Amino acid sequence: MPLRPDIIDILRADAAAIVILTGAGISKESGLHTFRDPDGIWARYDISEVATPEAFINNPDLVHHFYNDRRAGLLDPAVQPNAAHLALARLEAEWPGDVLLVTQNIDDLHDRAGSKNLIHMHGELLKIRCNHCDLLTNWSKPLDLGIPCPSCAKPGGLRPHVVWFGEMPLEMERIYTALADCGLFISIGTSGNVYPAAGFVQMAGKESGAETVELNLEPSNGATLFEYSHYGAASEIVPSFVSSLIGC
Ligand code: APR
């Protein structure tokens, strides 16, 4: 069921805070793969071999290769923010209340689209950090074990600034506070398989009383937890949903 216009009017009049969660589906039409669709990344790679701390200990070359490929793919000039990313930046600029965008995506398409109040809860592909010192820096080249840290000069400690399975997602306190205070929670392009993100709808809805909306290609795993839903390609349904919120 779509979000009703009278509820939108109330949210706008109250300048209700909005929390948006995005997943890989929003970047699909920009040319990036999702994870769990039939052509997704986890159909070609084993999570335990490329996306866990143990994988990085056991086979760092394979882990670096996996992220080097994805970093090069993201830097392909053909990969650009699509209409859905741009619409969310517009929502942040034009909505009368606070808008916090929480993305599970490690791409930088929300940043490039102009979203400012943005949390990359699973990290960022175009950043690296050092296990030996507190270095956190932008990185666009291939990474390998032999490259010494530009700060402490020790070799072998550089890793992608991404959250692997078994690691704690970033900025959770800020996210939980925003979920407790929001009047509208919108989930876009995520299959609802990975926690803690998959639990945000219940925190915002049942526990905080927010309206909850799913915008996805198809009903996600958690579809029944949302009060409202719009199904279709993100580049179409997100701009039209944002227009309905802003009122033009
Ligand atoms: N528009 C909207 N939704 C889409 C589109 C599209 N064009 N294409 C696919 N989708 C939907 C799919 O139907 C699916 O529900 O996007 C969702 C993508 O789900 P996943 O591949 O599971 O991606 P995501 O939910 O972001 O994964 C969560 O899992 O492996 C980890 O760390 C990784 O952040 C990722 C997390």
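Predicted model: local features only at pLDDT ≥ 70, side-chain atom pairs only at ≥ 80, totals over all residues.
**Exercise 1. Domains**
Find how the protein chain is divided, and how far apart the C-alpha centres of the domains lie.

*Solution.* Start with the segments: domain 1 takes in 5–30, 81–122 and 169–246, while domain 2 is made of 41–77 and 127–162. Next, take the C-alpha centres of domain 1 and domain 2, which lie 28 Å apart.

**Exercise 2. Two helices**
Describe how helix α6 (residues 83–94) and helix α10 (residues 234–246) cross.

*Solution.* Step one: the two axes come within 8 Å and cross at roughly 15°. Step two: angles under 35 degrees count as roughly parallel, so α6 is roughly parallel to α10. Step three: the crossing of α6 and α10 is left-handed. Step four: look at who makes the contact, including Ala87, Leu88 and Leu91 of α6, and Val238, Val242 and Leu245 of α10. By class, this contact has 11 nonpolar, 1 polar and 2 charged residues.

**Exercise 3. Around the ligand**
Work out how many residues surround the ligand and which are the closest.

*Solution.* The ligand is surrounded by 23 residues. The closest are Gly23, Gly25, Thr34, Phe35 and Ser191. Sorting the shell by class gives 6 nonpolar, 12 polar and 5 charged residues.

**Exercise 4. Backbone details**
Locate the cis peptide bond and the positive phi of Ala153.

*Solution.* Now go to Tyr195 and Pro196, joined by a cis peptide bond with omega about 10°. Pro196 sits in the loop between β7 (184–188) and α9 (200–207). Then turn to Ala153, whose phi is near 70°. Ala153 belongs to the loop between β5 (136–138) and β6 (158–162).

How values were computed:
Residues numbered from 1 in each chain as written. Axes fitted to C-alpha atoms, helices over the stretch in contact; angles between N-to-C directions. Helix = DSSP H or I, 4+ residues; strand = E, 2+ residues; numbered from the N terminus. Parallel < 35°, antiparallel > 145°, perpendicular 65-115°, else oblique. Left-handed = near helix turned anticlockwise from the far one by under 90°. Contact = placed C-beta atoms within 7 Å. Nonpolar A, V, L, I, M, F, W, Y, C, P; charged D, E, K, R; others polar. Near = placed C-beta within 6 Å. Domains from an automatic or database assignment.
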